[in-house]
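Hi everyone, thanks for coming. Today I'd like to walk you through one model, a piece at a time, and I'll stop for a few questions along the way.

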Amino acid sequence: MTFILISLIILGVAMLISFIRLLIGPTIWDRILMLNLVSIKVIMFVVLLAIYQNNLLLLDIALTYGIIGFLTMTLLSKFIMTGGREK
Amino acid sequence: MSIVTDIILAFSWIFIVFGMIAVFKFKNMYSRILAATTIDTVASLLMLIALFFTVDNFKFIIRIILLILFLFITNPISSHVIIRSAFITGIPVSTGGEKNE
């Protein structure tokens with residue numbers, strides 16, 4: 001179980017670094033990309049936590065979060081591509 | 001807790017650390033997107049496959065298989081949509097060096 005705990009710590013640090021890159025990213029697609037990476041890391045974090053605590057309901061939460069993250073990425077980039085220009 | 005889980009989890013740590021280095025190292029945006037999404041997809045799939053060996057309940061196994069299929073389908077689609085939006089809306093693909101951002 002110690003390897004799962006070390007994985008949780010590494011994922012937390014990686015999420016923090018991705019969030020720093022999200023704050024300083026030059027263009028808006030960089031920010032969307034970093035939001036995508038944070039979403040994937042949140043899914044992995046919740047799955048590891050579900051195995052660590054032996055809790056079944058957290059896996060359903062991870063599936064729902066994956067669907068919501070994919071819809072967010074697709075609709076946000078389509079909205080930027082058609083409507084709101086940056087420059 | 002089997003030894004196979006520990007080995008595959010250690011491989012996934014290496015991929016996560018390389019992905020975080022590649023996000024800060026590249027100057028061009030398309031190479032940054034390519035490196036970040038590819039490395040992160042491999043890391044997430046490795047981590048889910050590693051957890052596949054340590055559970056013994058059937059309910060956990062069917063949900064982990066669903067998550068592996070879902071991430072394997074939707075993760076490249078998401079990165080492709082971001083790259084398509086960036087290419088249509090403005091940023092040109094750099095051919096020579098790493099000058100234009």
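This is a predicted model: local features need pLDDT of at least 70, side-chain atom pairs count only at pLDDT 80 or more; totals for chains, interfaces and linings use all residues.

Let's begin with chain A and its helix α1. This helix has 23 residues, and from its first C-alpha to its last α1(A) reaches 34 Å, close to the 33 Å expected at 1.5 Å a residue. Which residues of α1(A) are buried? They are S7(A), L11(A), A14(A), S18(A) and R21(A). Look at the spacing of those numbers for a moment. An α-helix has 3.6 residues a turn, so residues three or four places apart point the same way. And what do the buried residues of α1(A) pack against? The answer is α2 of chain A together with α1 of chain B.

Next comes α2(A). It has 26 residues and spans 37 Å between its first and last C-alpha, close to the 38 Å expected at 1.5 Å a residue.

Now for how the two chains meet. Chain A puts 32 residues into the contact, and chain B puts in 36 residues. On the chain A side, the elements that give two or more residues are α1, α2 and α3. Sorted by class, that side has 22 nonpolar, six polar and four charged residues.

How do α2(A) and α3(B) run, parallel or antiparallel? Their axes come within 10 Å and cross at roughly 170°. An angle over 145 degrees counts as roughly antiparallel, so that is what α2(A) is to α3(B). From α2(A), the contact uses W29(A), I32(A), L33(A), N36(A) and V47(A), while α3(B) brings L67(B), S78(B), I82(B), S85(B) and A86(B). By class this contact has seven nonpolar, three polar and no charged residues.

The other pair is α3(A) with α3(B). Here the axes come within 9 Å and cross at roughly 10°, so α3(A) and α3(B) are roughly parallel to each other. Their contact holds 15 nonpolar residues, seven polar and one charged.

On to the core. The largest nonpolar core has 35 residues, and the members touching the most others are L33(A), M44(A), V47(A), M47(B) and I82(B). Helices α1, α2 and α3 of chain A and α1, α2 and α3 of chain B each give two or more residues to this core. Which element gives the most? That is α2(A), with eleven residues. Take L33(A) as an example: leaving aside neighbours within four places in sequence, L33(A) is in contact with I33(B), A36(B) and I82(B).

Last, two residues. V42(A) sits in helix α2 of chain A. With 16 other C-beta atoms within 10 Å, V42(A) is partly exposed. V42(A) and G12(A) are 30 residues apart in sequence, yet 8.9 Å apart in space, C-alpha to C-alpha.

The other one is N54(A), in the loop between α2 and α3 of chain A. Is N54(A) buried or exposed? It counts as exposed, because it has 10 C-beta neighbours inside 10 Å.

Conventions: Residues are numbered from 1 along each chain as its sequence is written. Chains are lettered from A and ligands numbered from 1 in the order in which they are written. A nonpolar core is a set of buried Ala, Val, Leu, Ile, Met, Phe, Trp, Tyr and Cys residues joined through C-beta atoms within 7 Å. A residue is buried if 20 or more other C-beta atoms lie within 10 Å of its own, exposed if 12 or fewer, and partly exposed in between; C-beta atoms are placed from the backbone. Helices (H or I, at least four residues) and strands (E, at least two) are DSSP runs, numbered from the N terminus. Two residues are in contact if their C-beta atoms, placed from the backbone, lie within 7 Å. Ala, Val, Leu, Ile, Met, Phe, Trp, Tyr, Cys and Pro count as nonpolar, Asp, Glu, Lys and Arg as charged, and the others, Gly among them, as polar. The expected span of a helix is 1.5 Å times one less than its number of residues. Axes are lines fitted to C-alpha atoms, for helices over the stretch in contact, and angles run from 0 to 180 degrees between N-to-C directions. Angles under 35 degrees count as roughly parallel, over 145 as roughly antiparallel, 65 to 115 as roughly perpendicular and the rest as oblique.
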